[in-house]
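Good morning, and thank you for coming. I would ask you to look at the structure on the screen while I describe some of its helix packing and chain contacts.

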Amino acid sequence: MTVSVPLWPAVLGRFGWQDLPFVRVWENPTISEIIGAFAGALVVVGAVVVAALLTRYGKWRYLWTEWLTSLDHKKIGIMYIVVAFVMLSRALVEAVLMRMQQAVAIENPGFLTPDHFGQLFSTHGSIMIFFMAMPFLTGMINYVLPLQIGARDMAFPWANSIALWLTIGAAGLMMASLVVGEFSTGGWSGYPPYTERAFSPGVGVDYWIWAVTLGSIGSTMAGINIACTVYKLRAPGMRFMRMQMFAWTSLCTSILMIFAMPPLTVATLLLALDRYLGFHFFTNDLGGNMMNYANMFWLFGHPEVYILILPAFGVYSEVVSTFSTKDLYGYTSLVIATMAIAVLSFTVWVHHFFTMGQSANVNAAFGIATMTIGVPTGVKIYDWIWTMFRGEVRFTVPMLYALAFMMTFVLGGFTGIILAMPPLDYLVHNTLFLVAHFHNMLIPGLLYGMLAGYYYWFPKAFGFRLNERWGRIAFTCWVVGFYLAFFPLYVLGASGMARRTQAIFEPSFRPWLYVAGVGAFILLAALTSLGIQLWVSIRDRAKTQVEAGDPWDGRGLEWSVSAPPPEYNFAVLPLIDGRNPFYDHKHDEGQPDPYASPAAYEDIVLPRGSATSVVIGLAAAVAGFGLIWEIWGLTIVALQVIVAAVVLRSFGRDQHRTIPAAEVARAHEAWLTRVRATPAVPRQLETAAVNRGLAEIVA
Amino acid sequence: MSEPELSHAGLNLGDTGELTQDQAENAIFGFWIFLMSDAVIFALLFATYGTMIASTVGGPTPASEFKLLPAFVETLLLLTSSATFGRATIAMKYDEPRRVLFGWLGATLGLGLVFLALEANDFATMFAHCAYPMRSGFLSSFFALVGLHGLHVAVACFWLVVMVGQVCAYGLDARVRINLLRLGLFWHLLDIVWIAIFSVVYLQGNIG
Amino acid sequence: MSDRTRELRTYAIGYGLSLVLTVAAFAMVRWPSFGARAIFGIVLALGLIQMAVQFRCFLHISFKRSSRHDLQLILFSALIIALMVSGTLVILFNLRGRMMG
């Protein structure tokens, strides 16, 4: 923990020289400090290099007008996913550092100080949940959902952009904590009373509070937007029971976001009131009750698990159906299971604190509810298996992820049933068994799903396919690395090794920790492979163009438009007459040709870009920064900027622009002409260079 | 969703702008979702208040701090402001003269501000006998709950002023109508939250 | 009766009913005539009725088809809120009982 002398309190608040990792490493050059300073330097150098490259190639204006201020749901979705990958890289490196420390620190202090180790597990967890998983799934929903339900954009494009920028601002605070000050050592859940000012007086917890609060407000906004889009913007004829599964899981996820993010906001803000104003919500003294924090945090935290997993379930449903060349088995049961999971997820939160001290009856009720939620999840697994049954399964990268998910996720589910029994939970509570369990759920249940979706929809978004070979290498590393890194933790946890342990005094744990360490390096190799895959794919993009837009013989509406889609998505809004309108039109005799010219075109109204959302998101981060460092003037100014931006925007008119029908017609007809000249490929050749994005009709 | 009239207080858009009836539906529905999300925040503060009501730690108690009369007057003010906002909505919908609309909006704003003044006075009285939020868990939860509601009312008052400015600047175009309607929903919802506050906080504090 | 009159009447009814319910709740407490628990129960019931009245008369939520989406949303929200509030109270009171008892 830093003890630094404030330099100039009136202007710089709490800041002192010791808050810079570079100064700390100069005064105390230990490996732990060197790593901290190196990370801080990496952030600074990274930012400078990006800025320099943008200036060198004169891309600032392009970036600003075409991307940062864009209200196009597709670009917003892509920016979310870029944020997710950047943050994934950081949090994965942190995970490797922690595994190294635990492998080294057996009857030995290791190379990381306890404080540094605490910051690592806190940032790793916070980032993976709030700044990797949430942006990844929000971005994917943003990109795919309007295309799947036949909409031109989200219901509230401006709010969509604000949600993105709040997330970016919050992620920025996470990165800033590497350069100025320190991060919380209270874990991703930030339990008081440890995180109260009495025990954690530094800026770390405040960084955590404001980053998480901004992120959760952004997610609430995103959830409202997604729900309203599904409810109100479906194409004509798109009844609820005709939506693709991904649209269904997006809807249920958004409902969970709407109702589950507020408890987190309340918990973090009440903690902030305790810390800043001396309130007594969660303190030890004067009537505070820290267990109410645990209660509210998990009122958010458990639905959050399903916020993370449901979109991946949606991706798997799409992927398994497409690459098994079959209709999704048990569509209705999948829909009901998704809704059941969404509702049940609000009834199980107590299983995160079975050991609090409430009566056995309360625990029993929540234990049973927890086991119940396994039932709809099981239904889904069976549905996917039946979808593959007697299908023509193609083992492409997304399908491999789906298969690995099914095996691995079920294993994690079994350990979940163990944890759902309060007496057993008492034994492994707070051990690595739990750490192994939730990684076992979230890596297959979230990360594999998002990566499958990334590979599956990448050609739609950019017009060329990702490299298959590097995709398989990355896949292998993700799966092998996962098993090596996390299955030893079950053994360690069952043997009683506590989670978040900085040094270990039990030599018999050594081999397991070594294996887990090797696994962590393989996971790092997996991430590297993804980077190489992207680079190779961009390099070879001329050979993998799929402008016709349907490289996988897809089912949903998103495959019926060009790749990348025009900014208005659909030249003419489609009329929906079934569950797989595009696929049926492609393959069934006597159906209208999906590539026929429409009878008439209309003018299309789209929102103009807006800089106000960027200003609002960044000003919110600045306000948070001011609060963290107690630079009150900065906070007040930033809040005024936010209010001014909102009011200004509300006074603005002329925030839409019209694309004339003639222009739409020209672009669309030109694309149709190119489609007609595209050679169709059979599914079996979809990964070959001949795949130009037009599926062959097999009678 | 193509009912001839909007379901919410029947917004009459006329043919004033770029927004269609469908888009107005979306805008209002989205705002409803936001309101429900906000309601969850209040619900948790109520739950927190419920668990901390006994945590007075030898300090001020509900019985010693909550007075029925000011709470009753504040309730009447907020309820009446909800009704006057409803009247303003009707003035907007039927395109009554502008001064009628402004009159009812002005009345609503006035009632909201008087409510805030009374609430501030309540808080000041409590502070005067050392009933401030740092004293106990009970007082922390009281000030967070009632204070957040007061903050909402203050934001609503500010928003009302902004909306009057927009009516002056643009007349009742589609966006102004939609936003006035949203503000109306917000205002009515704040009154509904207040029903829970006077029942659970002030009345419960004075029972027995 | 014109639409405008009908709508004015709806607001007037809502206002009148809310006033009556409010006065009744305050009167129950000001001039107590039952046990404390009973009074609190009645106050809560009156509050819930008044909320329903305001949803109906001020916010125009009804069982008509045109507000079906809103009604579904509000009922689902009510379910979630009931789960969260009752769950919090039950769990933390249970804990308090075991800690203090």
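In chain A, helices α3(A) and α7(A) cross in a left-handed sense. Please bear in mind throughout that this is a predicted model. Helix α3 of chain A covers residues 31-56 and helix α7 of chain A covers residues 157-179; their axes are 7 Å apart and pack at an angle of about 125 degrees. An angle of that value makes α3(A) oblique to α7(A). Which residues meet here? From α3(A) they are A39(A), G40(A), V43(A) and V44(A), and from α7(A) they are M175(A), L178(A) and V179(A). Sorted by class, this contact has 6 nonpolar residues, 1 polar residue and no charged residues.

Helix α5 of chain A, residues 73-104, and helix α6 of chain A, residues 114-149, have axes that come within 7 Å and cross at roughly 155 degrees. Because angles over 145 degrees count as roughly antiparallel, α5(A) is roughly antiparallel to α6(A). The crossing of α5(A) and α6(A) is left-handed. The contact of α5(A) with α6(A) comprises 24 nonpolar, 8 polar and 3 charged residues.

I now turn to the contacts between chains. Between chain C and chain B, 38 residues of chain C are in contact with 38 residues of chain B. On the chain C side, the elements giving two or more residues are α1 (3-30), α2 (36-57) and α3 (68-100) of chain C. That side of chain C holds 23 nonpolar, 11 polar and 4 charged residues.

Chain A also touches chain C: 15 residues of chain A are in contact with 11 residues of chain C. Which helix gives the most to the chain A side? That is helix α10 of chain A, residues 290-323, with 4 residues. The chain A side divides into 8 nonpolar and 7 polar residues, with no charged ones.

Finally, chain C itself. An unreviewed UniProt entry lists residues 12-32, 38-59 and 71-95 of chain C under "transmembrane region". In the model, residues 12-32 of chain C are 90% helix and 0% strand, with end C-alpha atoms 30 Å apart. Residues 71-95 of chain C are 100% helix and 0% strand, and their end C-alpha atoms lie 36 Å apart. The domain assignment divides chain C into domain 1 (1-60) and domain 2 (63-101). The centres of these two domains of chain C, taken over C-alpha atoms, are separated by 21 Å.

Thank you for your attention.

Technical notes: Residues are numbered from 1 along each chain as its sequence is written. Chains are lettered from A and ligands numbered from 1 in the order in which they are written. This is a predicted model: local features need pLDDT of at least 70, side-chain atom pairs count only at pLDDT 80 or more; totals for chains, interfaces and linings use all residues. Axes are lines fitted to C-alpha atoms, for helices over the stretch in contact, and angles run from 0 to 180 degrees between N-to-C directions. Angles under 35 degrees count as roughly parallel, over 145 as roughly antiparallel, 65 to 115 as roughly perpendicular and the rest as oblique. A crossing is left-handed if the near helix is turned anticlockwise from the far one by less than a right angle, and right-handed if clockwise. Ala, Val, Leu, Ile, Met, Phe, Trp, Tyr, Cys and Pro count as nonpolar, Asp, Glu, Lys and Arg as charged, and the others, Gly among them, as polar. Two residues are in contact if their C-beta atoms, placed from the backbone, lie within 7 Å. UniProt positions are given in the numbering used here, feature names are shortened, and annotations may be inferred rather than shown by experiment. Domain bounds come from an automatic or database domain assignment.
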